[in-house]
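Subject: The model you asked about

Hi,

Here is the structure, ready for you to open alongside this message. Have a look at it first, and then read on.

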Amino acid sequence: MSSPSAAAASADATDVVVRLRGIGKTFPGVVANHDIDIDVARGTVHAIVGENGAGKSTLMKILYGVQKPDSGTIEIDGRQVSLSSPSDAIAAGVGMVFQHFMLADNFTVLENVVLGAEKLHGIGDGAREEIRRISATYGLDIDPDALVEDLGVGARQRIEILKVLYRGARIIILDEPTAVLVPQEVEELFDNLRELKSEGLAVIFISHKLDEVLSVADTVTVVRRGTTIDTVAAQSVTSRQLAELMVGSELPSPTTETSTVTDVPVLQVRDLTLPAAVGGRPLLSDIDLTIHRGEILGIAGVEGNGQAELVEAVMGMRPGATGSVELSGQDLAGLSTRRRREAGIGYIPEDRHRHGLLLDAPLWENRVLGHQTREPNVRGPFVSRGGARADTERIVRDYDVRTPGIDVLARALSGGNQQKLIIGREMSGDPSLLIASHPTRGVDVGAQAAIWDHIKNARREGLAVLLVSADLDELIGLSDTIQVILRGRLVGTFDPASVTPQQLGSAMTGAADDDPGASPA
Amino acid sequence: MSVAVTGTTTVKAPRRRLRLPYVLLGFALLLVLLSLLRIVTGTGDLSSSGTLRATLIAAMPIGLAGLGGLWAERAGVVNIGLEGMMILGTFGAGYFGYFWGPWEGVLGAIGFGIAGGLLHAVATVLFGVDHIVSGVAVNIIALGVVQYLAVLSFSGVPGGGQTQSPRVDDLPSISIPALADPLGSLEQRQWFFVSELAALLRSFVSNLSVLTLICLGLFVLTWYVLWRTTFGLRLRSVGENPAAAETLGVDVIRYKFIAVATSGAFAGLAGGFLALVAANGFRDGQTGGRGYIGLAAMIFGNWRPGGLLAGSGLFGYTDTLRLRGGGDSVHGLLLLVAIGLIGLALWQWRQHGRQSALVAAVLGVVVALWYVLTDSVPEDLTGMTPYVTTLLVLALFAQRLRMPAADGKPYRKGSAG
Amino acid sequence: MTDNRLKRLGLGLAAPLLALLSAFLITSLVLLAAGDSVTGVWGQILSPPQARGLTNIVNAATVYYLSGVAVAIGFRMNLFNIGVDGQYRVASFAAAVVAGEAFLPGYLNTLLALMAAMAVGAVWAGIAGILRVTRGVSEVISTIMLNAIATALVAYLLRKAAVDNPGSNITATKDVPEGSRIPGFSVFPDSPNQVYGFVVVAVLVGITYWVVINRTRFGFDLRATGLSQSAAVASGIDTKRMIFVSMLLSGAVAGLVGMPILFGQAFNYGSTFQSGLGFAGIAIALLGRNHPVGIALGALLFAYLDEQSNPLQILQNVSPDIVRITQGTIVLTVVIAYEVVRRYGVRLEQRQVALALEAERSTSREEASP
Amino acid sequence: NNDDDSAGGSGEDCVESNGMKVGMAFDVGGRGDQSFNDSAAAGLDRAECELGFEIQTAEAQDGEPEAAREDRLQQLVDADFNPVIAVGFAYSESVGKVAAANPDVNFAIVDDGVEGDNITNLLFAEEQGSFLVGAAAALKSESANIGFVGGVEVPLIQKFEAGFVAGAEAVNPDIEIQSRYLTQPPDFSGFADPAAGRTAAEGMIDNGADVVYHAAGGSGGGVFEAAAAGDAFAIGVDSDQALTADESVQDVILTSMLKNIDVAVFSFLETVNDGEPATGPTVYDLSVDGVGYSTTGGRVDDIADQLDEYKQQIIDGEIEVPTS
Ligand SMILES: Nc1ncnc2c1ncn2[C@@H]1O[C@H](COP(=O)(O)OP(=O)(O)OP(=O)(O)O)[C@@H](O)[C@H]1O
Ligand SMILES: Nc1ncnc2c1ncn2[C@@H]1O[C@H](COP(=O)(O)OP(=O)(O)OP(=O)(O)O)[C@@H](O)[C@H]1O
Ligand SMILES: [Mg+2]
Ligand SMILES: [Mg+2]
């Protein structure tokens with residue numbers, strides 16, 4: 001395809017710390033990487049962008065020795081290296097923060113940090129001192145003796161960075177580090193990155209959020225379909241141009257159409273409270289909300305502030321919740337999850353692998369899941385295979401699920417197609433309320449647009465939609481109203497037409513009281 | 001098929017580590033309780049040095065099997081094959097013990113145990129077979145191998161037979177009469193607390209097999225290695241989050257392998273202890289399910305050596321009481337259980353566990369009534385004691401237990417990231 | 001796709017064959033190392049059984065089958081009911097007492113005893129179920145404990161319920177009256193012994209198991225819980241209830257395990273009543289991949305090996321324990337082979353999905369371009 | 001590889017083959033259990049040598065089905081073994097069935113009363129022998145405190161206990177007798193768990209007992225160890241254990257209750273050799289020296305007169321020994 005172009009070439013050749021040439025990697029049936037060429041210069045933040053499944057993570061795993069490339073060469077500091085395990089990469093000065101946290105919850109910060117690098121400062125006081133020192137130097141604010149499970153996502157992210165620094169890495173890979181952070185935390189992280197950069201480290205930064213990329217990166221490499229398309233200087237492009245490079249076409253964005261909101265309430269939640277399992281602050285307190293026919297209510301919040309619990313409480317998956325939940329006038333209190341689903345709730349769970357699918361069951365059985373008491377899936381006490389299969393075919397057709405057939409295991413589908421299947425399923429059986437938790441998390445741009453369309457269709461057909469998302473653009477683009485959840489309380493209502501992500505961000509972190517955009521809940 | 005061994009509890013266990021003074025205090029309390037019990041029930045055997053020594057011997061195979069389980073599960077591999085590895089150990093001890101000598105018997109037991117451990121490791125770690133399934137298979141194979149080998153090795157050997165080895169010589173044991181005798185007379189006095197303490201000390205200085213001491217040392221060693229060394233940190237990390245460990249350069253497969261092999265070594269040693277200290281040779285069926293009990297004791301002990309020691313002590317104690325004192329001693333134990341349950345009920349009430357408190361209180365009253373209304377527990381029922389006790393304790397405490405996060409989950413190399 | 005299905009079927013059959021072959025090899029190696037006659041042993045084991053032996057194989061397999069199904073019900077839900085052993089012993093004892101007392105005449109008595117057996121088995125398993133659901137106690141551990149408790153309890157009750165049988169050293173309950181026994185029938189010509197009439201019940205249990213698991217809503221819920229507990233919860237399945245109910249079902253079937261013996265051969269519960277059947281059931285369920293037909297094949301295989309190895313000592317001077325090694329090895333190799341084949345199958349399927357999609361994409365592109 | 005290497009057979013004093021083949025089916029444990037299977041095997045070996053039988057043995061597996069026991073007997077029949085001797089009450093039912101199916105073959109069963117035209121029952125008055133060692137224990141006990149360790153609580157072992165208690169109380173009605181069973185059926189591990197035997201005996205000794213009698217098969221070794229460690233006496237069972245037990249504990253074995261299964265087996269085979277195989281029950285009691293006590297080591301020599309007096313009283317029917 002193309003070779004490193006102007007921006008990268010302009011970097012002084014001696015400054016190049018990582019040089020990837022012709023990297024290729026094939027998984028069974030998938031070419032994840034081919035002909036990848038990248039140069040990363042010292043003292044820069046080098047971003048890599050691309051659609052879901054473009055091969056970014058695979059490339060980084062190759063650079064970190066987790067996976068072996070099928071072809072190509074890796075040069076670090078001008079020397080060709082062979083990385084067959086992360087230890088080799090660490091020895092070569094590479095550190096990586098993964099897309100998902102790589103922490104043992106039941107270990108202390110100290111244990112997590114020193115693991116694998118015990119030779120450096122031992123596993124005792126020496127290490128503790130070193131952690132305190134690094135923490136102070138980079139303003140990470142980390143207590144080495146805290147237990148990881150007690151810490152929030154932001155702190156965990158900083159531990160991951162500390163882990164890398166502790167090993168003395170000079171090349172730091174960050175794979176989507178901002179996915180779970182609020183804008184303020186993102187800013188702090190970027191400050192940290194600039195600090196690192198000024199110390200002469202090279203940072204490789206992966207993100208789907210192009211504005212972020214442009215604000216922090218010096219150089220951007222675009223990856224499409226497993227190969228490098230172009231490398232550009234960050235100052236010289238707009239995010240729109242980047243997006244077009246990524247997908248090869250125009251970027252879709254969520255936009256709300258004319259309001260379809262009616263005044264017929266569908267979901268009415270009053271004083272919903274959920275006590276914590278072992279004492280302490282309630283997970284949810286006094287939640288009041290109403291969603292009308294044709295309305296999308298967006299819930300914004302930093303992960304772990306109760307949005308998952310809110311959804312699960314409405315779904316009846318949380319015993320111990322008090323308060324009233326009414327669906328179209330029907331009191332749901334005391335009803336089981338199944339009864340609530342039968343009463344007309346469709347549910348797109350946030351983690352499709354854990355909550356949405358039976359990965360090792362064929363698609364048509366996944367069609368039955370959650371609807372195993374309803375037509376066309378059942379006949380009396382029996383599962384109706386014919387009915388379920390026919391309806392699965394319908395979903396595959398109508399929702400454009402890319403699959404060779406309905407007998408393949410759900411595991412074999414890509415994330416976006418899995419998600420489309422789930423949406424098709426949850427829209428069956430005439431729901432009056434659709435609960436969508438992070439419906440587009442980690443799916444590619446094409447599927448994302450389709451999913452947004454489906455949600456908008458649902459709204460147009462008069463469904464009430466409860467939308468929980470960490471993607472503020474998505475929330476703003478789709479919702480009729482946005483409520484912010486903080487420490488288990490709804491703390492503010494916003495009009496998506498006028499609110500900015502920054503305002504939402506401050507409300508989500510509790511700094512919103514003096515914010516003009518907020519109105520009392 | 002993978003299984004979460006302690007069900008689906010989501011309640012976080014509070015993390016208060018026990019410090020030495022508390023441990024000692026606990027010991028003292030236990031002795032006080034035993035003294036009280038002796039005085040109230042008039043059953044002197046509850047805390048005699050003989051009972052305590054027998055408890056030590058009965059507890060050790062269970063505890064060692066439990067240590068085997070602990071090593072494996074700390075590295076994320078459930079080892080229900082402990083029983084089979086223990087069976088291999090009894091044979092190894094009998095074979096090497098008879099044909100070479102008792103210390104060689106110990107090594108033989110460990111060696112055979114390791115063989116069983118390696119089999120489990122190959123199946124679970126290399127091939128990713130479900131851990132329980134592999135464990136069950138190991139148990140079947142071990143039993144077959146040992147029975148088959150026993151026929152080959154011992155039939156026709158004087159004193160041996162198809163199902164047993166000839167007598168194996170004793171391992172050396174420690175006796176310090178200079179201490180044992182005065183302690184003995186102190187024990188005879190039946191003084192409150194003092195006699196119990198004397199009995200406890202005496203059980204350690206009269207006729208204590210060296211292997212018993214070594215095995216006790218292994219608990220400390222395990223604690224030290226797993227919680228105080230780099231090796232241990234890595235091994236535990238593999239059981240908590242193998243993907244994370246792999247990204248930090250830990251060779252997950254290797255550590256799991258080592259852990260499971262070590263697990264086999266401990267289980268083998270447990271069998272060796274049975275054959276060499278508790279008895280004097282190999283016998284078919286000698287383990288009697290102690291491998292499973294060891295696993296239970298480990299869970300009881302919350303995957304920690306100290307807790308495991310307490311758990312196996314409980315087993316050894318109840319089993320010893322049954323064998324030594326029969327229905328009368330076990331009857332005395334009822335009172336202890338009743339007191340314990342009611343105490344627990346009060347504590348849980350304060351911790352706001354109203355429901356558990358109620359359950360515990362009701363059970364406590366039932367047991368107390370049983371104690372008051374009868375003189376002895378029927379002989380046949382005394383056999384249940386250790387098992388009922390374990391079930392009871394698990395029912396009351398299971399939700400406070402915390403197993404390694406990745407325990408029982410097969411791991412494949414390269415799944416990091 | 002049919003081609004692929006054939007391929008997959010081939011793979012599915014390859015696994016057990018591969019496993020049997022390697023078990024065969026490993027056993028032969030052990031025999032060689034021990035200096036026993038390899039040909040002699042296999043010659044004996046593979047020799048065609050006599051009619052009497054065939055009957056014994058079917059009878060033993062019947063009992064194994066029920067045990068395997070009982071275990072499999074739990075396995076389908078990721079529940080490890082290690083306690084089938086205790087459950088069937090408690091249940092057999094209860095049924096023997098009920099049948100011996102003959103509260104009802106003839107086959108009504110039999111029916112009552114069978115129901116008692118299922119009820120008692122279910123209750124005994126239910127204890128583990130309750131503990132798991134309400135207290136979070138692992139069923140692996142609790143059923144192990146309950147096995148031991150069952151032993152003590154049955155011993156205690158047996159002594160209370162035993163009848164005096166002068167001249168005999170066997171403690172046993174009252175005999176089941178003639179009219180309540182389940183008659184056997186002759187399947188193999190010239191066989192001096194008969195196949196248990198209960199084999200019919202076992203077949204019915206197998207069919208019911210298959211229908212319930214694969215065709216009913218309940219079965220779907222059960223399998224879904226086994227495949228992913230979290231997804232099951234989100235789909236509205238009350239997983240706690242499922243755990244409890246499937247434990248009860250598993251226990252109820254476990255209650256039947258001793259019934260062929262009780263009503264077809266022993267007619268009472270005594271100190272020589274066959275033990276250890278629950279553990280055999282675990283191996284057999286694994287061998288049969290929890291599939292009703294697979295379990296039947298596994299049960300037959302185990303029964304065949306048992307029966308054919310019995311005369312090894314008399315005829316070949318080799319300890320019959322050698323087949324335990326074979327049996328254990330089969331379990332392990334089968335599971336390994338299935339795992340290897342499963343991985344291969346998943347890869348195959350992923351590749352196909354990718355290829356199919358790629359093909360679709362390129363055709364649509366071609367359609368779009370002109 | 002497991003039986004023909006036994007003693008006898010090729011010895012110099014042995015007679016020529018008499019052309020008859022005798023099969024023996026052991027209970028679990030088989031030859032070499034140092035207990036009652038061995039005792040039966042001894043009788044068999046003697047018959048091989050002195051009467052010229054060709055012999056074959058097979059042993060039971062733990063937890064096998066009834067059909068396996070039937071099979072075993074039938075296979076011996078099929079291989080032309082006649083007579084067939086079953087050792088242990090577990091064979092009760094199978095001997096009944098197989099004997100009925102093979103009326104031309106003679107069967108013997110040890111310890112069980114199953115009836116049939118071609119079955120002989122080799123039964124023992126264990127209570128009588130136990131009575132004598134009970135008396136011996138009482139006479140030798142200085143603390144008037146003795147113990148009994150039973151392997152598994154089955155009627156057979158309860159018979160040992162009953163006789164032992166009766167004997168001890170005949171000597172000293174006020175004697176304290178501690179009694180303990182290691183397991184309950186169907187858990188038969190009590191016959192094979194020396195560790196448990198040891199713990200139980202230690203408890204008794206710590207509790208004042210100075211003589212402990214065991215009827216616990218392989219667990220008895222633990223009882224001897226406990227006695228040796230606790231300066232007490234132990235009483236063996238079935239065979240003369242002062243000869244067969246390990247040297248280190250032979251000294252503590254006061255005497256053993258002899259249950260001469262070998263004698264019974266040999267006498268049965270003699271009748272077969274004579275062409276008139278015995279049928280029906282034969283009770284081996286004190287009067288025919290089917291049971292008794294051993295004198296190896298001379299530790300009961302001083303009380304031999306008293307014991308023999310009891311023995312005579314039992315033979316004469318003056319003392320009726322209870323069986324439960
Ligand atoms: N271990 C694997 N086995 C098979 N296929 C894989 C594996 N890992 C990745 N893939 C495939 O390789 C392709 C590239 O995946 P990769 O995770 O690198 O994408 P990505 O650009 O990081 O996407 P995302 O933005 O979702 O993180 C995907 O199509 C994926 O299906
Ligand atoms: N570690 C892996 N092992 C095997 N297959 C994998 C692995 N990672 C990804 N895949 C396969 O790659 C395909 C798509 O994965 P990919 O990661 O691109 O999905 P995605 O769109 O990012 O969605 P998700 O959020 O589910 O990861 C699927 O078929 C998936 O099974
Ligand atoms: Mg992905
Ligand atoms: Mg990625």
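First, some ground rules. This is a predicted model, where local features need pLDDT of at least 70 and side-chain atom pairs count only at pLDDT 80 or more, while totals for chains, interfaces and linings use all residues. Residues are numbered from 1 along each chain as its sequence is written, chains are lettered from A and ligands numbered from 1 in the order in which they are written, and side-chain values use heavy atoms, with hydrogens and water left out.

**How the chains meet**

Five pairs of chains touch, and the most contacts are between chains B and C; contact here means heavy atoms within 4.5 Å. Chains A and D are not in contact, and their closest C-alpha atoms are 39 Å apart.

**Chains B and C**

In this pair, 52 residues of chain B touch 51 residues of chain C. The size of an interface is often given as the accessible area lost when the parts come together. Between chain B and chain C that buried area (accessible area with a 1.4 Å probe that two parts lose on being put together, summed over both) is about 4,400 Å², and carbon and sulfur atoms give 74% of it.

Three residue pairs, both partners at pLDDT 80 or more, are in polar contact between chain B and chain C. A polar contact is a pair of N or O atoms within 3.5 Å; within protein, one must be able to donate a hydrogen and the other to accept it, and residues adjacent in sequence count only if both atoms are side-chain atoms.

On chain B, the elements giving two or more residues to the side that touches chain C are helices H4 (102-126), H5 (131-154), H12 (290-300), H15 (379-382) and H16 (385-397). Helices (H or I, at least four residues) and strands (E, at least two) are DSSP runs, numbered from the N terminus. H5(B) gives the most, with 14 residues. By class, this side of chain B has 35 nonpolar, 14 polar and three charged residues. In that count Ala, Val, Leu, Ile, Met, Phe, Trp, Tyr, Cys and Pro are nonpolar, Asp, Glu, Lys and Arg are charged, and the others, Gly among them, are polar.

**Chains B and A**

Here 24 residues of chain B contact 28 residues of chain A. The buried area is about 2,300 Å², with 61% from carbon and sulfur atoms. Three salt bridges are counted between chain B and chain A, and seven residue pairs are in polar contact (both at pLDDT 80 or more). Helices H9 (230-240) and H10 (242-247) of chain B each give two or more residues to the side that touches chain A, and the largest share, six residues, comes from H9(B). That side of chain B has eight nonpolar, eight polar and eight charged residues.

One pair to look up is A:Glu111 and B:Arg236, whose side chains meet in a salt bridge at 3.1 Å, N to O. Over all chains, the whole structure has 57 salt bridges. A:Glu111 lies in helix H4 (109-114) of chain A and B:Arg236 in helix H9 of chain B, so this pair joins two chains.

**Two sheets**

In chain A, six strands form an open sheet with mixed pairing, in the order S6-S7-S8-S3-S9-S10; strands pair if DSSP finds at least two bridges between them. S6 (94-97) and S10 (227-233) of chain A each have a single partner strand, so one side of each is left without a neighbour in the sheet. S3 (45-50) and S9 (219-224) of chain A pair in the parallel sense over five bridges, and A:Val49 stands opposite A:Val222 in S9(A).

Chain D has an open sheet of six strands too, in the order S7-S6-S8-S9-S10-S12, again with mixed pairing. Its edge strands are S7 (176-183) and S12 (291-293) of chain D. S9 (233-238) and S10 (253-259) of chain D pair in the parallel sense over five bridges, with D:Ala234 opposite D:Ile253 in S10(D).

Best wishes

Methods:
A salt bridge is a side-chain nitrogen of Lys or Arg within 4 Å of a carboxyl oxygen of Asp or Glu.
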